[in-house]
Amino acid sequence: MGKIDNVFSERNFLWGSGTAAYQCEGGWDADKKGTGEWDYFNHNSALNVNSQDGDDASDFFHRYKEDIDLMAEGNQNTYRFSISWARVVPNGTGEVNQGGIDYYNDMINYCLEKNIEPNVTLFHYDLPLELAKQGGWLNRNITDAFNEYAQVCFEAFGDRVKLWSTINEPRYYSYCTNMVGNYPPNRHQDVQSYFQYQYNLMLASAKAITSFRKMNIDGMIGIVHDNGNVELDPDTENKEEIFKIADFFYNRMILVPALEGKLPDELEEMKEKFKFMIFHEDGDKELFEKGKGDYLGLNLYNRQYVKHWESGETEVFHNNKGAQSKSKEGIRLEGLFESSFDKNVKRNQWGREVNPRIMYTALIEIKERYSDPLIMITENGHGIYETPDKDDYVIDNERIETFEQFLKYMLQAKEAGVNVKGYYHWSTMDLYSWINGYEKRYGLVRVDFENDFKRTPKKSYYWFKDYIEHYNEEINNN
Ligand code: BG6
């Protein structure tokens, strides 16, 4: 039996939490780390709208032992984190930074010492600046640069890391960078780049997965998708057609290559509808065929609730101002479809639906439509403003209520036969929530950013700890 089989056979279920490098590490230029696109963006006052940055973030770079200890004490048996590309390969290609390799080696070893299974994501939004300057994800050369960087990581950490994913949310990343324009390089409503990004990201992923297999790493590799499953407003006209268009926009450019090793059959038709083209090369088809994942990571927060387009020009609605804005999250694509706003569903302060039921529907839909893949919930959580009680203790009952519901629906889906094998709560501790800054908190552990990054587990941390314990007891007794 290979090591990868042990990951599952030794545990009832993978229960853990997750972070991403730029959001928690800090140490932005420590030990010869290269500059990232987000460093550049956040250091430039004309671009940085909330004047916060990830220079120190949650200082995980220096405090990872404390955080990993807390995971272990909280009954978590796995940790999802990302590697900073620029920490390992400062210019994106070429010279490898031994300082970066040493840091991740130490951190991974510490996870293993504490019996925490590391789950590594190779790219979570933080592009090395040198590659951004060369056109970033629009320049096809990046797919080779990513493959080269992935091989460096497989070589360095593949003897111990068994759970891998290539890219975090290629779809949502393409959306924020090219449609919303709130992530660098800040393009707005650029449908052409939105789809070309997804294509190049999936191609890069396919190349890295092929290398992983060639290198015979004893592990499992996949990709992480933000699965906002599409649901239609009952008033939608041409239901079948609108579902197909919206599903292509939100899901299919990722799910079909990830799970079926090809491009969606409807691509040509959709190019006409959305008016974009794909720059590609001969041989890409074979690359996609080889680049199918072993599993699918799903970040599940919300659904995509849509109806037919009624009127008005293309417009993206987004709320990075939280309570200071009444804006709800959504989009209108002229002539195609638009978001619908369901009055019966609660929204968070950032205008996004809070609707735990979608955990069940999204999982069932993927099982039924994509031949029952192995799935891990790689992110799920609830962002809120928080004020601690005494001694920095946060009584986050609202998070716990949502959390409980999401888990209930996940286990119902599991019961109904979905092959879900792990759950990672977002996030391990409070961190930099991109353009939403530090006010939007997701952590199970509070970080006092004003007071030496002091960690204090929240009520939800203890709730999750008990939940895991009871789950294990129940499984062991049956
Ligand atoms: C996910 C990302 O989409 O959502 C995370 O992978 C992110 O990096 C999380 O922090 C929460 O995002 P937001 O937009 O609510 O701050």
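A polar contact, as I use the term here, is a pair of N or O atoms within 3.5 Å, and within protein one atom must be able to donate a hydrogen and the other to accept it, while residues adjacent in sequence count only if both atoms are side-chain atoms. What we have is a predicted model, in which local features need pLDDT of at least 70 and side-chain atom pairs count only at pLDDT 80 or more, whereas totals for chains, interfaces and linings use all residues. Residues are numbered from 1 along each chain as its sequence is written, and side-chain values use heavy atoms, with hydrogens and water left out.

A polar side-chain atom of Tyr 442 is placed 2.4 Å from an oxygen atom of the ligand, and taken alone the ligand exposes 390 Å², of which the protein buries 96% (accessible areas by the Shrake-Rupley method with a 1.4 Å probe; for residues, only the protein chains shown count as cover). Asn 168 also brings a polar side-chain atom to 3.0 Å from a ligand oxygen, and for Asn 436 the corresponding distance is 3.0 Å.

Turning to salt bridges (a side-chain nitrogen of Lys or Arg within 4 Å of a carboxyl oxygen of Asp or Glu), a search of the whole structure gives 41. One of them joins Glu 231 and Arg 303 at 2.8 Å, N to O, and this pair links distant parts of the chain, with Glu 231 in strand β6 and Arg 303 in the loop between β7 and β8, 72 residues apart. Helices (H or I, at least four residues) and strands (E, at least two) are DSSP runs, numbered from the N terminus.

Finally, the backbone. A cis peptide bond with omega about 10° joins Pro 184 and Pro 185, and Pro 185 lies in the loop between α9 and α10.
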